[in-house]
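Let's take a walk through this structure together. Have a look at the sequence and the model first, and then we'll go through the chains and the place where they touch.

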Amino acid sequence: MEHISDIQMLEMLGGHIPESEQLRFRDHIGDCSECRQRWQEYEQTWMDLAECQVDTAGHDLVENMISALPAENPPMKLWPATALARIAASILLAVFLGHVLGKWSAPQPAPPEETAVTQAMFLDALGPESVVGWSAPVRAEDSEEGSTADETVS
Amino acid sequence: MDTQALTDEKLMEAIAGDDRSALAELVRRHQDKAIALAFRTLGRWDLAEDVGQEAFLRVYRASSRYKPEAKFSTWFYRIVVNLCLDETRREKRTSTDSGGILSQFSATSDTNPEEIHQKQEKKQAVWQALGRLNERERIAVVLHRFEGFSHQQAAELTGWSPSAVESLLVRAYQKLRQELADFKENS
């Protein structure tokens, strides 16, 4: 068997070598003086490092961690009914004002053009046959046969 | 919600929704390892706690981007290792002590040589030997010897190649062996 490499020895010390391979390595170490010496040196240093034990008791980061975080977002509050009522009233008022102002500022339809035709039509609408019947005394005044001023409009 | 029953990955999902109790549970689970790794690398408790706290803050800030395909512990250790490396570089730049971080490695705060027993002397010698390694060698040893990672796993979470980690470990152990052999010879 070829010699065991340094990293294989370190991995064996760390427990990262499968057991079957470990047995093979240990057999070789028993047979090979060079590998045995290197193995003993690594093993000794590995054990010496056990002096570097660390006790982390008393070093608690939880409290400091949580206080170092940004403030949590406050929970969303439900809007009170009065506030909702005010908002609804404001919206209705705005719609009403908008409607009123809109009607006021809307362009008015242009008056119909006055022509001889429309005048005649207008007077015909006031003729004796019409419910108003105004045109009779007016036409009578304009006629050459005289006035019928005594006639009263019925 | 019973956070203790949740996996790290499930806790991360909860933290992404700003669940502070999930974050607290995650801190409780991993703070010892984080602080121990940082202390063995940096040699000071105050720096170790700073690194630990900063690591968890980064976890919190990145929680919405965390992908559960990546194992949490691997990702988290990488953050701690990188913070330790940043801190050692910063200490090198700012330290006025010629011993740098080495002078911080002490197994006991009692420096009176008359009161240090042989066992304490050895403990101090081992700590100082560890402190004399460069930061990459020291991190490789801490991850392998104390955190229980194989050299492949250490490569994965540091981002270094497996052959680089292998070289770092072998070289580190050679240095440690030589230092401790000198100490034993002189004691």
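Before we start, one term: a residue counts as buried if 20 or more other C-beta atoms lie within 10 Å of its own. Keep in mind, too, that what you're looking at is a predicted model.

With that in hand, take chain A. Of its 154 residues, 8% count as buried. Chain A has 7 helices and 0 strands, so reading from the N terminus you simply get α-α-α-α-α-α-α. As for its contacts between residues with a separation of 6 or more, 32% are between residues 24 or more positions apart.

Now for chain B. Here there are 8 helices and, again, 0 strands, and the order from the N terminus is α-α-α-α-α-α-α-α. Chain B has 187 residues, and buried ones make up 38% of them. Among chain B contacts with a separation of 6 or more, residues 24 or more positions apart account for 58%.

Where do the two chains meet? The contact draws 35 residues from chain B and 25 residues from chain A. On the chain B side, the elements that give two or more residues are helix 2 (20-42), helix 3 (45-61), helix 5 (118-132), helix 6 (135-146) and helix 8 (162-186) of chain B. Which of them gives the most? That's helix 2 of chain B, with 10 residues. And what is this side of chain B made of? Its residues that touch chain A divide into 17 nonpolar, 7 polar and 11 charged.

Technical notes
Residues numbered from 1 in each chain as written. Chains lettered and ligands numbered in written order. Predicted model: local features only at pLDDT ≥ 70, side-chain atom pairs only at ≥ 80, totals over all residues. Contact = placed C-beta atoms within 7 Å. Helix = DSSP H or I, 4+ residues; strand = E, 2+ residues; numbered from the N terminus. Nonpolar A, V, L, I, M, F, W, Y, C, P; charged D, E, K, R; others polar. Buried ≥ 20, exposed ≤ 12 C-beta atoms within 10 Å, placed from the backbone.
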